[in-house]
Every structure is written in C-alpha cells, then in structure tokens.
Amino acid sequence: MMTETTTAAPAVPEATPTPDQLDDDDFRGRLRSFLAEHHPGDPPRDRRERLAFDRSWAALMADSGYAGPAWPTEWGGMDLALSQQLIYHDEVARARVPVHPSPHAFMVGPTILAAGTEDQCRRFLRPTLRADILWAQGFSEPDAGSDLAALRTRAERDGDDYVVNGIKVWASRADYSDWLFTLVRTGTPESRQHGISYLLIDLASPGLAVLPLRDMTGGHRFTQITFTDVRVPVQNRVGAEDRGWPIARTTLGHERSTSRVPAVLRYRRVVAELIELSRERGLNSDPLIRQRLARVHTGCEVLITTSRRIVADLLRGGEPGPASSMFRLSHALFEQELHETAMAILGTAGLLGSSEASSVQGGRWVWGYLNTRASTIGAGTAEIQRNTMAERVLGLPRELAPS
C-alpha cells in the first residue's frame, strides 16, 4: 500500500464573501475566476506523482473554501443551495481541474454525517475533503456480491476492540488509500442484514493485506483485502452494533447518485468531444451515426436533469432512496451506449489500444469501451437496480430471499 503524504499546497487566497452572501451569477463568476487563476496545469503521468498532484489540489480547494458543496460548513464544506451546487459542479467540470483523488469520500462522508458521532465527524470529514485521508470501500465478498446480506467477514468483540477475519473483493483504490469503510458480521451466521455492523478500518492495521486483482483492461484498479485477526477500535463503528444495514443503504444510495453528479456533468463535455470525433472522421453526415449521437446527447441531458432532482430531494432532508437506483441504472446504460457509439465511429481503429502509436486519441475511447463493460455490474448490478425500482417504486412483490 502506498504511503504518500500530501504535497505542500500553493498559498491560499484571502478570504472572500461566503456563497450565501452572493447571488448565483456572482458565485459563478468568483468560482470561475478562482479556478482559472489557480488551475494547476496538466497532471503528471507517473501514478505516484499524479496522486500527490491531485491531493495538493484537493487541499487547496478545501483550504480556500471551495470543497464539499453539499457538506456543512462546520466540517469544512460549503453548504450550498441547490442552484449553487449545480453551478459548482458545472464550473469545475468546465475548468477541467483535477477531480478529488478519493471518489469514495463522497459515499462515506455523507454516511458519517448522517450516522456518525461528533467525534467521527471531527476526526474524518475535513481531512477527507483535503485528501489527507483517502478512502476505499469493502462491501463485496467472494460469496456475497449482489446478495450483500450474505457476507461472512466476521468481527468478534474483545474488550474495546473488534477482531476482524475474512476477505473482501473488488475494492477499488485500496492499494493507495488510507482508510476502509466496510461491513462485517457481528451477529449470528443466520442473521443476514440484522447482524451486520459498519466499521471504519485503518488500512495500515497489522494483519490486513491488500492484493491486486487485474481486470479485462489489463489494469488492477481492483483489489482483494484479507483480514487476519485485525483489531479495530469499537469507537470506529458507525452506528449501533448489528444495525449497520440501514447505514450501508445510505452509503449505497450516495454511491449510486450524489457521488456521480460531477461525472455526469463532465459527460456533457465528453459527448461534445465525441461529436467532434465524428466530424474528424467524416461521419457527421452518416444518418445512423447521427441518430446514435442524438441518443447519446439526449441521454446525457436526461442524466443531468435526474441528478438535479436527486440533489433537490436531498436538500429537502431526505435520502437518495429508490431514485438512486434509477440514476445508477441510467448512468451505467448511458456509459455503455456512449462508448459503443465511439467504437462505431472508430471502426477498425477501435482495435488499437493506448500502446499503439497510431491509436486514435491515445486509445481513450477503446479503454473507455472496455472499462464500461463493467458499468452494469459495479455498485450493484443492473438486475439489482431493476429489482429495487420494481419493489420500492412500482410496489411489485418482493423477490424471495434465498433460504
């Protein structure tokens, strides 16, 4: 596991009026000016250098008051109204500045806000926004993926600690993260969702090992995490013992919705780049290609509208709820259609990956196509999302639980 520290951030600008003192146009103008003035430039290609680069930018954003648009100001956020949250994500996407190096931060952060203690908020939230702490997720297991309630990783209480044993798989970014939020069984083996607890675990803990799992793109963004008598302080449990299932649903709701809002807004730019690629390859007048591009453009705008709806629901005091499953499924299908359209535009050039000197745009569309084959699997399969919508939105009979 990498043990990098955040590099020194540039000098923080002088304090400016808080967002609630600005109207939307003034807020957009100030944010746009800040991003232009402090843009860090092109990122380095080396992975370790890129991580330090991204962490430095996250620290500057947090220290300048431009991080956590939906988080309370008490914990380092901006506590923006809906209109300014959308402006924030739109401007950050437009400026092409680095994204936060820990996407899982925006799953665990809202969870700690909703169910954690004040001490946990103080300990984790601002360091998370600054990227002083990078997070990984440990939910799936070899025999508990879609049926998450069947997980077997065990945590036995021993005084002020839990002793954890088991295996987690498909944990992305765990090889360079600092902390893990995970689900463990504290109840009986038969307790299913009624015997699960939610723990925060230091990835440097003795007895914890992170091993790479290679995917079809040739990379190893995914990892396997093994626990052998790993001791975790009870104070690192979020919520009550055996009551982690509802808390996990909060995390999954944000994984499938709010954490994806910035990516959805960036896709508006990606769609424009795909349309430009069709022009460059002389296919912009092909009726079939034009039809596919129209579907992709429409799909992107529908996703943006849906993301606004979800953010608005959250600001009214709710949880992402079933809408997160609709958003997650639509997002996954959109990603796949976008890259299938790109492959149709590339034609035989779609056989060339990033290692080929003659590849189109460095093989970015080919890599995206291969990577998004898993879009309908990760963060809950498409089948799981459809079941959730059928049961919780349409009111259809629940699927029978395995005996």
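Q: How many aromatic pairs does a search of the whole structure find?
A: The search finds 12 aromatic pairs. Rings of Phe, Tyr and Trp (its six-membered ring) pair if their centres lie within 6.5 Å; planes under 30 degrees apart count as stacked, over 60 as edge-to-face and the rest as tilted. This is a predicted model, in which local features need pLDDT of at least 70 and side-chain atom pairs count only at pLDDT 80 or more, while totals for chains, interfaces and linings use all residues. Residues are numbered from 1 along each chain as its sequence is written, and side-chain values use heavy atoms, with hydrogens and water left out.

Q: What makes Phe124 and Trp179 an edge-to-face pair?
A: The centres are 5.0 Å apart and the planes stand at 75°. The limits are within 6.5 Å for a pair and over 60 degrees for edge-to-face, so the name applies to Phe124 and Trp179.

Q: Why does the pair of Phe124 and Trp179 tie together parts that are apart in sequence?
A: Phe124 belongs to helix α5 (residues 118-129) and Trp179 to strand β4 (residues 179-185), so the parts tied together are 55 residues apart in sequence. Helices (H or I, at least four residues) and strands (E, at least two) are DSSP runs, numbered from the N terminus.

Q: Why is the pair of Trp135 and Phe181 called tilted?
A: Its centres are 6.3 Å apart, with 55° between the planes. Trp135 lies in strand β1 (residues 135-138) and Phe181 in strand β4, 46 residues apart.

Q: How do you know whether Trp135 and Phe181 are buried or exposed?
A: Buried means under 20% relative accessible area, exposed over 50%, and partly exposed in between (1.4 Å probe, protein chains only). Trp135 has 0%, and Phe181 also has 0%, so both count as buried.

Q: Which residues form one aromatic cluster?
A: The cluster consists of Phe124, Trp135, Phe139, Trp179, Phe181 and Tyr198.

Q: What makes the charged end of Arg364 sit over the ring of Trp365?
A: A charge sits over a ring if NZ of Lys or CZ of Arg is within 6 Å of the ring centre and within 35 degrees of the ring normal. For Arg364 the distance to the centre of the Trp365 ring is 4.2 Å. The charged end of Arg157 likewise sits over the ring of Tyr162, at 5.7 Å from its centre.

Q: How do you know that β4 and β5 pair?
A: Two strands pair if DSSP finds at least two bridges between them. Seven bridges join β4 to β5, which run antiparallel.
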